[in-house]
Amino acid sequence: MIQLTTATAIEKAINKARTVKPRVHVNCFGSYSVTNKTTGATYTVTCEKRDGKRFASCTCRAGELRKACYHLAAAVAAHIQLATEQASH
Ligand SMILES: [Zn+2]
């Protein structure tokens, strides 16, 4: 579980996500399955809010080491989009 502070903290992961373009499947609000289309590897990313702070975690090796991986970056982008859509309804 890592805390999402600023976008720059996960900027490298965001850039990698743009290159890899993984498929993000929404399981439910806050839970996402991210698949690398090349390798077929799927990891689950969880996003949650605690005390007004945003946290996210990924089930991959990097995620276990609390590193911002591109799965997490891709899921967070989808999560923010969903949250924005929900807020506008
Ligand atoms: Zn990951």
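First, the conventions. The model is predicted, so local features need pLDDT of at least 70 and side-chain atom pairs count only at pLDDT 80 or more, while totals for chains, interfaces and linings use all residues. Residues are numbered from 1 along each chain as its sequence is written, and side-chain values use heavy atoms, with hydrogens and water left out.

Let me turn to the zinc ion. Which residues coordinate the zinc ion? They are Cys58 through SG, Cys60 through SG, Cys69 through SG and His71 through ND1, at 2.0 to 2.3 Å. Donors here are N, O and S atoms within 2.8 Å of the metal, or 3.2 Å for Na, K and Ca; water is not among the atoms, so sites may look incomplete. Along the chain, the donors of the zinc ion follow the spacing C-x1-C-x8-C-x1-H. Cys58 belongs to strand β5 (residues 53-58) and Cys69 to the loop between α2 (61-64) and α3 (70-88), so this pair ties together parts that are eleven residues apart in sequence. Helices (H or I, at least four residues) and strands (E, at least two) are DSSP runs, numbered from the N terminus.

Why is the arrangement called tetrahedral? The four donor atoms subtend angles of 107 to 116 degrees around the zinc ion, which makes it so; the criterion for four donors is that all angles lie between 85 and 135 degrees. For reference, the ideal angle for four tetrahedral donors is 109.5 degrees.

Next, the cysteines. The structure holds zero disulfides, a disulfide being a pair of cysteine sulfur atoms within 2.5 Å. For Cys47, the closest cysteine sulfur is that of Cys58, and at 10 Å it is too far for a bond. Cys47 counts as buried because its relative accessibility is 8%, and Cys69 is likewise buried, at 7%. Cys28, in strand β2 (residues 23-28), counts as partly exposed at 45%. Buried means under 20% relative accessible area, exposed over 50%, and partly exposed in between, with a 1.4 Å probe and protein chains only.

Now to helix α3. Its 19 residues should span 27 Å at 1.5 Å a residue, and its end C-alpha atoms are 27 Å apart, which agrees; the expected span is 1.5 Å times one less than the number of residues. Buried residues of α3 include His71, Leu72 and Val76. The buried residues of this helix pack against β1 (2-4), α1 (11-20), β2, β3 (31-35), β4 (42-50) and β5.

That brings me to the cores. A nonpolar core is a set of buried Ala, Val, Leu, Ile, Met, Phe, Trp, Tyr and Cys residues joined through side-chain atoms within 4.5 Å. The largest has 14 residues, and those with the most contacts inside it are Leu4, Val45, Cys47, Ala56, Leu72 and Val76. Its largest share, three residues, comes from α3. Apart from this core lies another, of five residues, among them Ala13, Ala17, Ala73 and Ala74.

Finally, the backbone. Most residues other than glycine have a negative phi. Lys21, in the loop between α1 and β2, has a positive phi near 50 degrees, and is exposed at 53%. Asp51, in the loop between β4 and β5, also has a positive phi near 50 degrees, and is exposed at 77%.

Note on methods: Four donors count as tetrahedral if all angles lie between 85 and 135 degrees; four count as square planar and six as octahedral if opposite donors are over 155 degrees apart and all others between 65 and 115; anything else is irregular. Contact means heavy atoms within 4.5 Å.
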